[in-house]
Amino acid sequence: MSISNENARNYKIASQCVHSGTKNDCYGSVIQPIYQTATFRFKDADHGARLFQGADEGYIYSRITNPTVEAMEDAVAILEGGAKAIGCASGMAAVFTLVGSLLNAGEHIICTASAYGTTITLLQDVMPKYQVETSFINTHEIESVKKAIKQNTKLIIIESPCNPTMMLTDIAEICKIAKQHNIKVAVDNTFCSPVLQKPLELGADYVIHSMTKYLNGHADVVAGIIVLKDEDEYPHFRSMMNNYGGVISPMNAFLVHRGIKTLKLRVEEALKNAIKIAEYLEKHPKIEFVRYPGLKSHPQYELGIKQSKGSGSIITFEVKGGIEAGKKVINNTKLIQLAVSLGGIESLIEHPASMTHALMGEDARALAGITDGLIRLSVGIEDADDLIKELDYVLGLI
Ligand SMILES: *Cc1c(COP(=O)(O)O)cnc(C)c1O
């Protein structure tokens, strides 16, 4: 027998990563098989009718639910300590499932100013069409959040750490304030993964992930998920997903579920590498500054220790000589590839102002503290010595 979802909740995270979600089947499959089917046969007319009424449990059509997808959803719900999860075609589909399910016309969102670029574009450019307005606030400043709360504020969306500024938001503190005003809190936990940070335990109502990043971890899938703390809210969110149709495919759900089996190993290995690299960069004479919550020089180092088990493996830094020197760095790395995305086994480097954060505009970048010379490095699980050797070489070119 595979372990049940209830039992899985009693295991430590390494065991949960390996075993959570897998269903028992008639063949004794050790790994959750891929149910690559769009639809499911009913036994007879009454059975079909009962499934549609919700009187019987079972599968109808893969936009509604699919066993492979459900197994992966259960695994992530267990890892995050949530009641239920809904797999999504991408991280952005997860963000939309969240705001689409919760917000009505005339309501208001508060979102971390330096949130993921496309999250900002969605909230800034698309949601106003539906009369949903968003205030982008430096959520690391608690007073600014308090001031931004309005009568119609329904949701606070936090990214901690947010990129590329790598500032942290005190999740427990924001949740406390939100509760007083009857506002829901969602945390985009993509950068930490449940291995390092569990927002629902800190008081949040929802967790979202781009599973494209650490959860899948192998840069071969685009996927997302939303995890709910409260089971009662599940039918409403599921219905939103069913109606707009942004589901994850069985194949991608299988790949993510497989990736999760090594999540703890990958996250911890990348974290060890990132600490070594951040310390190396901080001492380098060609470096203007390094932003990484695992460095004692980070202004919120203590908060990081309080709310997370580790500082993750995304580092941002600025080289002396501004944008031109920065270009030289990103044009000359080889082991570290020039590409957007993050959280994979491979190290990636990019330039936020011209790439991931280009669309948010100059003013918003200035407010969020994203300077033109900033470089973002997603540290993979290659050997730290090789990564440092390469950084040493490229920094020597400027
Ligand atoms: C990548 C990312 C997203 C969007 O996810 P996609 O899978 O690319 O749609 C959202 N939030 C964060 C923090 C991300 O890094």
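I began with the second largest pocket of this predicted model, where helix α6 gives the largest share of the lining, four residues. The space in this pocket comes to about 390 Å³, and among its 27 lining residues I noted M92, Y116, G117, T118 and K213 as those nearest the centre. The elements that contribute two or more residues to this lining are α5, α6 (117–126) and β6. By class I found 11 nonpolar, 12 polar and four charged residues.

I then turned to the largest pocket, which holds about 600 Å³ of space and is lined by 20 residues, with E57, G58, T65, E70 and Y234 closest to its centre. I counted the classes as eight nonpolar, six polar and six charged. Looking at Y234 again, I saw that the charged end of K84 sits over its ring, 4.8 Å from the centre.

My search of the whole structure for aromatic pairs returned four. In one of them, F96 and Y244 have ring centres 5.2 Å apart, and because their planes stand at 75°, over the 60 degrees required, I recorded the pair as edge-to-face. This pair joins helix α5 (residues 91–102) to helix α10 (residues 234–244), across 148 residues of the chain. I noted F96 as partly exposed at 25% relative accessibility, and Y244 as partly exposed at 31%.

Definitions and conventions
Residues are numbered from 1 along each chain as its sequence is written. This is a predicted model: local features need pLDDT of at least 70, side-chain atom pairs count only at pLDDT 80 or more; totals for chains, interfaces and linings use all residues. Side-chain values use heavy atoms; hydrogens and water are left out. Rings of Phe, Tyr and Trp (its six-membered ring) pair if their centres lie within 6.5 Å; planes under 30 degrees apart count as stacked, over 60 as edge-to-face and the rest as tilted. Buried means under 20% relative accessible area, exposed over 50%, partly exposed in between (1.4 Å probe, protein chains only). A charge sits over a ring if NZ of Lys or CZ of Arg is within 6 Å of the ring centre and within 35 degrees of the ring normal. On a 1 Å grid over the protein atoms alone, a cavity is a set of points where a 1.4 Å probe fits but cannot get out, and a pocket is an open set with protein on both sides within 12 Å along at least five of seven lines; lining residues have an atom within 4 Å of a point. Grid points are joined across faces, edges and corners, and a volume is the space filled by probe spheres set on the points. Ala, Val, Leu, Ile, Met, Phe, Trp, Tyr, Cys and Pro count as nonpolar, Asp, Glu, Lys and Arg as charged, and the others, Gly among them, as polar.
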